[in-house]
Amino acid sequence: MGNSNFARISHDYYPTPSWMTYGVLDLFIDKQGLDNPIRFDSDWWEPACGEGHICDVLKPVIRGKEYATDLIYRGYGKGGCDFLKQKEAPAGVEMIWTNPPYGDLAEKFVAHALDLMKPVNGSVIMLMRNEYDCSKKRMKLFRNHPAYYGKAVSTTRPRWIEGSTGSPRHNYAWYLWDWRCQNQEPRIFYFNKQ
Ligand SMILES: C[S@@+](CC[C@H](N)C(=O)[O-])C[C@H]1O[C@@H](n2cnc3c(N)ncnc32)[C@H](O)[C@@H]1O
């Protein structure tokens, strides 16, 4: 991803390095009360789970039930499930967490996840480029969205293709939304690879 010479991999399959998920979990794990976009006690859904790289980190920490699906079966969860065609979240799910496919699809994933979580006052956590929110057209999802909570920026650039050489070029952030904490000023957090 950091190197434009790489051909784009089919269905944008770039698994999330585990330290990225640990990084954002660490920011919120000791935070008490309702002002917390990570629902440590709720059922949760990884709707583009790939081989389960995010799930493997979340499962021991989030006490609710896991739902893991993907358009393509990659040996984890349930395949053949187009997230954008799902009319509702599984009953009990109060958090949708993924690293979505890129480009326009990412925007559709965010908007759809927010629609699905609205009726349950749930939260949405998605990994995108750090500058993803620097777009006038996307302000409806960020500054102008009532559930936008903020972002957790990784100060280490992830390497998307294991074993690749050269310096990764792009910064990434976890974007956070929570219907339980509406109309707040967005907050910014930072973490780095441990
Ligand atoms: C960037 S990869 C991330 C995989 C996994 N979330 C992770 O973080 O390791 C994006 C994933 O989105 C899946 N995907 C693409 N379009 C999809 C869709 N419409 N519905 C569900 N999954 C989709 C791909 O198959 C791929 O596994």
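Reply: Helices (H or I, at least four residues) and strands (E, at least two) are DSSP runs, numbered from the N terminus. This is a predicted model, where local features need pLDDT of at least 70, side-chain atom pairs count only at pLDDT 80 or more, and totals for chains, interfaces and linings use all residues. Residues are numbered from 1 along each chain as its sequence is written.

The protein has three helices and seven strands. From the N terminus, their order is α-β-α-β-β-α-β-β-β-β. The radius of gyration is 16 Å, close to the 16 Å of the globule rule for 194 residues, so the protein is as compact as a globular protein of that length. That radius is taken over C-alpha atoms, and the rule is 2.2 Å times the number of residues to the power 0.38.

Now burial. A residue is buried if 20 or more other C-beta atoms lie within 10 Å of its own, exposed if 12 or fewer, and partly exposed in between, with C-beta atoms placed from the backbone. Of the 194 residues, 36% are buried.

Next, the core itself. A nonpolar core is a set of buried Ala, Val, Leu, Ile, Met, Phe, Trp, Tyr and Cys residues joined through C-beta atoms within 7 Å. The largest one has 45 residues. Those with the most contacts inside it are I96, V110, A113, V124, M126, M128 and W174. Helix α3, residues 104-117, gives the most to this core, with seven residues.

Look at M126. Two residues are in contact if their C-beta atoms, placed from the backbone, lie within 7 Å. Leaving out residues up to four places away in sequence, M126 touches T98, P100, F109, V110 and Y175. Across the protein, residues 24 or more positions apart account for 69% of the contacts with a separation of 6 or more.

N121 lies in the loop between α3 and β4 (123-129). Its phi is near 55°, a positive value in a residue other than glycine. N121 counts as partly exposed, because it has 14 C-beta neighbours inside 10 Å. N183 sits in the loop between β6 (172-178) and β7 (187-191). Phi of N183 is also positive, near 55°, and this residue is not glycine either. N183 is exposed, because 8 other C-beta atoms lie within 10 Å.
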